[in-house]
Amino acid sequence: MVLVVLQVRVYHKNRYRREALAELENVASGKRPLLYSFVLLKRTAMHAYGRDRVGQMYGKSWYTFLDKKARGVGFVALQERIDRLIYQDELPEEQVKTAIITNTKKWIKDHVTR
């Protein structure tokens, strides 16, 4: 019985992750623009760590924060291409688009909240 209660708590606690991953599927399928993946990252991070902690982050400090909070993601390595997408509206090649979506999905699933 205790195990069931703990599983239900974890399930409810991770609702924000499931919702973000479902929305990310709209980006991957082309229903939403690639830029929306960064909205999802920021919203998910604010839920997990608080608006005061991550709301004002951007650029290299933001990408470094993301890389530190989930193993195996590489936003810092993609920084130049991400910045061109965000600030110059320059669409990346398919390989970079896939890397952004893959890293976003991994971060949403695997970020640690401690």
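Predicted model: local features only at pLDDT ≥ 70, side-chain atom pairs only at ≥ 80, totals over all residues.
**H2 against H3**

I started with helix H2 (residues 15-28) and helix H3 (residues 36-49), whose axes come within 10 Å and cross at roughly 175°. That makes H2 roughly antiparallel to H3. I then listed who makes the contact: Tyr-16, Ala-20, Glu-23, Leu-24 and Val-27 from H2. On the H3 side I got Tyr-36, Ser-37, Leu-40, Arg-43, Thr-44, His-47 and Ala-48. Sorted by class, this contact has seven nonpolar, three polar and two charged residues.

**H6 and its cover**

Which residues of H6 (residues 79-88) are buried? I found Gln-79, Arg-81, Ile-82, Asp-83 and Leu-85. Their cover includes H3, helix H5 (59-69) and helix H7 (94-110). I also checked the backbone just after H6, where Asp-89 takes a positive phi of about 55°.

**Salt bridges**

Searching the whole structure gave me eight salt bridges. I looked at some of them one by one.

Glu-25 pairs with Lys-105, with the closest N and O atoms 4.0 Å apart. Glu-25 sits in helix H2 and Lys-105 in helix H7, so this bridge ties together parts that are 80 residues apart in sequence. Buried or exposed? Glu-25 comes out as partly exposed, at 42% relative accessible area, and Lys-105 is also listed as partly exposed, at 37%.

Next I went back to H6. Glu-80 and Arg-84 meet in a salt bridge at 2.7 Å, N to O. Both lie in helix H6, four residues apart, about one turn of the helix. In an α-helix there are 3.6 residues a turn, so residues three or four places apart point the same way. Glu-80 is exposed, with a relative accessible area of 54%, while Arg-84 is partly exposed at 23%.

What does Arg-81 pair with? I found its side chain in a salt bridge with Glu-93, at 3.3 Å from N to O. This pair links distant parts of the chain, with Glu-93 in the loop between H6 and H7 and Arg-81 in helix H6, 12 residues apart. Glu-93 is partly exposed, with a relative accessible area of 45%. Arg-81 has 13% relative accessibility and so counts as buried, the cut-off being under 20%.

Last, I traced shared partners. Salt bridges join Glu-80, Arg-81, Arg-84, Glu-90 and Glu-93 into one network.

Definitions and conventions: Residues numbered from 1 in each chain as written. Heavy atoms only, no water. Axes fitted to C-alpha atoms, helices over the stretch in contact; angles between N-to-C directions. Helix = DSSP H or I, 4+ residues; strand = E, 2+ residues; numbered from the N terminus. Parallel < 35°, antiparallel > 145°, perpendicular 65-115°, else oblique. Contact = heavy atoms within 4.5 Å. Nonpolar A, V, L, I, M, F, W, Y, C, P; charged D, E, K, R; others polar. Buried < 20%, exposed > 50% of the residue type's maximum accessible area, 1.4 Å probe, protein only.
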